Amino acid sequence: MMERQIPEQYLEGYARILVDVSVTGRRLTREEIESRRNLGERAAEAGHGLPALVSAHLSAARAAWPASPGSADGALAAVQQVVDAFAEGYGRAQLLAVRKEEAARREFIDDLLYGRSDLGRLAERAERFGLRLSPTHAVAVAEGPTAYDESAPVPRQVERALIARFGDRSILFTTKDGRMLCVAPGEQDDVLTHFGRLAHTATHGGRVALGRPRPGPGGIVQSYEEALNALELAARLGLDAPVLRAADLLVYPVLTRDRQAMADLVLVALGPLTAARGGAQPLLDTLTAYFDTGCVAAAAARRLSLSVRALTYRLERIHQLTGTDPADPGHRYTLQTAVIGARLLDWPARSL
């Protein structure tokens with residue numbers, strides 16, 4: 001029954017080739033091999049399965065055998081050549097189809113993340129790639145020590161684990177610019193949280209950021225940009241939380257919205273530290289550790305691998321140079337804001 005499902009057009013000229021080859025003992029010509037490849041491509045494009053096609057070729061060879069008075073070995077060699085060429089053409093067509101599908105998917109993802117397509121058309125295309133658009137969406141972005149594409153082992157591992165747990169829940173997993181991305185409905189925070197844990201583990205400590213849920217397909221663009229900005233902030237500030245939420249970092253864009261005002265604050269509050277032996281960086285690191293540990297001198301000293309006495313000396317030196325006391329609650333807010341600004345503006349490495 002399987003052979004009858006394959007149209008005769010994909011076996012065109014096959015019996016004649018077998019008879020001729022078995023009589024003469026020759027091998028297939030280049031034109032004959034190419035004709036088999038072309039038939040294989042056409043069969044793949046028509047959607048026929050390769051096992052059924054191979055079975056049809058073997059059945060046709062059996063049917064032609066009584067009319068092949070020559071060498072059985074030559075006939076079998078011809079069958080092998082025909083099937084090999086046919087399968088090669090079939091594989092060639094499938095590879096081309098896969099590449100076209102990958103290109104279409106990549107174009108869709110770019111349009112989705114950059115908002116470059118009509119929303120109605122975008123929704124239609126989303127269904128094709130397994131994403132049913134919801135009222136709100138959120139995007140999580142993960143980066144590791146190396147750049148990834150979808151064929152790399154790490155993204156494949158994360159995607160398998162994600163789908164194994166949540167199945168088809170309108171999730172889109174992909175890679176972009178070497179990072180892993182997960183798009184999910186805004187109300188399914190558990191999906192993105194789990195993605196964050198998976199990606200953090202699979203990348204051996206890489207950073208993951210979650211954008212806020214945003215309405216409509218256009219909200220995917222906003223959430224994606226928030227996640228990217230959160231990763232950039234984390235790199236500048238040295239934030240080491242496994243999963244960063246853009247909603248928890250909103251204070252930092254506010255602080256840098258007026259860059260000149262922040263630069264002025266850094267130079268006024270911390271500029272005098274440049275007069276210290278060794279420059280401003282060691283004392284700036286001291287303030288960073290002190291504030292990050294809740295102004296606990298012992299904890300800050302451990303973080304810097306210093307004695308408490310050495311740390312206390314540094315804090316006193318900062319007080320002498322700047323005129324502000326890190327231990328004084330009245331001075332602390334100004335100093336801490338200036339320290340955050342210095343880290344965001346990469347001071348003192350970059351002049352302001």
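Mentor: Start with the classes: Ala, Val, Leu, Ile, Met, Phe, Trp, Tyr, Cys and Pro count as nonpolar, Asp, Glu, Lys and Arg as charged, and the others, Gly among them, as polar. On that basis the lining of the largest pocket has 9 nonpolar, 2 polar and 6 charged residues. Keep in mind that this is a predicted model.

Now the space itself. The largest pocket holds about 370 Å³. Its lining has 17 residues, and those closest to the centre are Asn229, Leu233, Tyr252, Pro253 and Thr256. Which helices supply at least two residues of this lining? Both α8 (216-237) and α9 (251-256) do. The biggest share comes from α8, which gives 6 residues.

Next, the helix pair. Helix α10 covers residues 259-270 and helix α14 covers residues 329-344. Their axes come within 9 Å and cross at roughly 120°. That angle makes α10 oblique to α14. The crossing of α10 past α14 is left-handed.

Look at the side of each helix that takes part. From α10 come Met262, Leu265, Val266, Ala269 and Leu270. They meet Thr334, Leu335, Thr337, Ala338, Val339, Gly341 and Ala342 in α14. By class, this contact has 9 nonpolar and 3 polar residues, with no charged ones.

Key
Residues numbered from 1 in each chain as written. Predicted model: local features only at pLDDT ≥ 70, side-chain atom pairs only at ≥ 80, totals over all residues. Heavy atoms only, no water. Axes fitted to C-alpha atoms, helices over the stretch in contact; angles between N-to-C directions. Helix = DSSP H or I, 4+ residues; strand = E, 2+ residues; numbered from the N terminus. Parallel < 35°, antiparallel > 145°, perpendicular 65-115°, else oblique. Left-handed = near helix turned anticlockwise from the far one by under 90°. Contact = heavy atoms within 4.5 Å. 1 Å grid on protein atoms, 1.4 Å probe; cavity = no way out; pocket = protein on both sides within 12 Å on 5 of 7 lines; lining within 4 Å. Points joined across faces, edges and corners; volume = space filled by probe spheres on them.
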